[in-house]
Amino acid sequence: QVQLVESGGGLVQAGGSLRLSCAASGRASGRTFSTYTMAWFRQAPGKEREFVANVRWRDGTTFYADSVKGRFKISRDTVKKTVGLQMNSLKPEDTAVYYCASTEAWGSEQTLALESSYESWGQGTQVTVSS
């Protein structure tokens, strides 16, 4: 089982920036994190949880939702075992609870954008963007 702890949320004005971080620990079945894909999802009030971005631990390959492409950047630090989400040009519609997630599953970009593909989740961190 992988444990994930998010940090870095807060209140920011539209157009501003925030950086989220997710600390990962634990291993499953003797595997290292090199087999994992890490992701950020978000859930706004009254809406379903949606995919934001993911990164393949082994080689850093990334994939983004269209709504954040060009504004957000996901990265991983293999030494510190953290996953970051740099969020720039924030909009009020980015307001949500942001969750870090991990999976050992392999699949297409579309498959790894599904909530159901992920096995472990953090507790979430609130991001609020004021207009």
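Predicted model: local features only at pLDDT ≥ 70, side-chain atom pairs only at ≥ 80, totals over all residues.
1. Overall fold. The protein has zero helices and eleven strands. Read from the N terminus, the order of elements is β-β-β-β-β-β-β-β-β-β-β. The radius of gyration is 14 Å, close to the 14 Å that the globule rule gives for 131 residues, so the protein is as compact as a globular protein of that length. Along the principal axes, the C-alpha atoms fill a box of roughly 45 × 30 × 25 Å.

2. Contacts and surface. Taking contacts between residues at least 6 apart in sequence, 57% join residues at least 24 apart. The accessible surface comes to about 6,600 Å², and carbon and sulfur atoms account for 48% of that surface. Of the 131 residues, 44% count as buried.

3. In soluble globular proteins, nonpolar side chains tend to be buried together. Here the largest nonpolar core has 38 residues, and those with the most contacts inside it are Met38, Trp40, Leu85, Met87 and Tyr98. Elements that give two or more residues to this core include strand 3 (18-25), strand 5 (50-56), strand 8 (82-87) and strand 11 (125-130). Strand 4, strand 6 (62-64), strand 7 (72-77) and strand 9 are also on that list.

4. Aromatic pairs. The structure holds five aromatic pairs. One of them joins Phe41 and Tyr118 in an edge-to-face arrangement, with 5.3 Å centre to centre and 75 degrees between the planes. This pair links distant parts of the chain: Phe41 belongs to strand 4 (residues 37-43), while Tyr118 is in the loop between strand 9 (96-103) and strand 10 (120-121), 77 residues apart. Both partners are covered by the protein. Phe41 counts as buried because its relative accessibility is 1%, and Tyr118 is buried at a relative accessible area of 6%. Under 20% is the limit that applies.

5. Ring pairs join Phe41, Phe51, Phe63, Tyr118 and Trp121 into a cluster. Which ring face does Arg49 lie over, at 4.3 Å from the ring centre? That face belongs to Trp121, a member of the cluster. The charged end of Arg49 also sits over the ring of Tyr99, 4.1 Å from the centre of that ring.

6. Loop between strand 7 and strand 8. Lys80 and Lys81 are both found in this loop. The C-alpha atoms of Lys80 and Ser25 are separated by 9.9 Å, and the two residues are 55 apart along the chain.

7. Positive phi values. Most residues other than glycine have a negative phi. Lys81 has a positive phi of about 60 degrees although it is not a glycine. Ser89, in the loop between strand 8 and strand 9, also has a positive phi, near 50 degrees. Ser89 counts as partly exposed, with a relative accessibility of 42%.

Conventions. Residues numbered from 1 in each chain as written. Heavy atoms only, no water. Phe/Tyr/Trp six-rings, centres within 6.5 Å; stacked < 30°, edge-to-face > 60°. Helix = DSSP H or I, 4+ residues; strand = E, 2+ residues; numbered from the N terminus. Buried < 20%, exposed > 50% of the residue type's maximum accessible area, 1.4 Å probe, protein only. Lys NZ or Arg CZ within 6 Å of the ring centre and 35° of its normal. Rg over C-alpha atoms; globule rule 2.2 N^0.38 Å. Contact = heavy atoms within 4.5 Å. Areas by Shrake-Rupley, 256 points an atom, 1.4 Å probe, with all protein chains shown as cover. Core = buried A, V, L, I, M, F, W, Y, C linked by side-chain atoms within 4.5 Å.
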